[in-house]
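Here is a short report on one protein model.

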Amino acid sequence: MQILVVDDETDVRDLFLQRFRREIRNGEMSFSFAFSGEEALTYLRAHQSEVLIILSDINMPGMSGLDLLGHVKEEFEMPPTTMIMITAYGDNASYQQAMSLGANDFLTKPVDFAVLKEKLQHLLP
């Protein structure tokens, strides 16, 4: 399962690699990282068929995660199976906006990695 994590905070990379080290080592999941919405789109254009899940922060400078969600749904004929939005603001307005744009799920920061792992396990082929 190829997962693209999009977050402007670069320390997220080390956190995900640490929290999912067993799944990575077992070959169940692999992660790629983009540190902006623009970088994520560039990555997806080059690796579209490989990415099954996008985990995206909502609040990022430049292109927000919601903007990215809109671009993914518009631009790619076969969008990733699942797009999960992550935000520090668990307000209902952000949730409603993400879901109306086509998000599959919504998590708040700090991310509960046990919950995230459980959600991802359900998506394994």
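Axes are lines fitted to C-alpha atoms, for helices over the stretch in contact, and angles run from 0 to 180 degrees between N-to-C directions. Helices (H or I, at least four residues) and strands (E, at least two) are DSSP runs, numbered from the N terminus. The model is predicted: local features need pLDDT of at least 70, side-chain atom pairs count only at pLDDT 80 or more, and totals for chains, interfaces and linings use all residues. Residues are numbered from 1 along each chain as its sequence is written, and side-chain values use heavy atoms, without hydrogens and water.

**Two helices.** The axes of helix H3 (residues 37-47) and helix H4 (residues 65-75) come within 10 Å. They cross at roughly 20°. H3 and H4 are therefore roughly parallel to each other (angles under 35 degrees).

**One residue.** Isoleucine 53 belongs to strand E3. Isoleucine 53 is buried (under 20% relative accessible area), with a value of 1%. Phenylalanine 33 is 20 residues away from isoleucine 53 in sequence, and 12 Å away in space, C-alpha to C-alpha.

**The largest pocket.** A pocket is an open set of points on a 1 Å grid where a 1.4 Å probe fits, with protein on both sides within 12 Å along at least five of seven lines; lining residues have an atom within 4 Å of a point. The largest pocket has a volume of about 170 Å³. Its lining has 15 residues, and Val12, Leu15, Phe16, Lys109 and Val111 are the closest to its centre.

How values were computed: Grid points are joined across faces, edges and corners, and a volume is the space filled by probe spheres set on the points. Buried means under 20% relative accessible area, exposed over 50%, partly exposed in between (1.4 Å probe, protein chains only). Angles under 35 degrees count as roughly parallel, over 145 as roughly antiparallel, 65 to 115 as roughly perpendicular and the rest as oblique.
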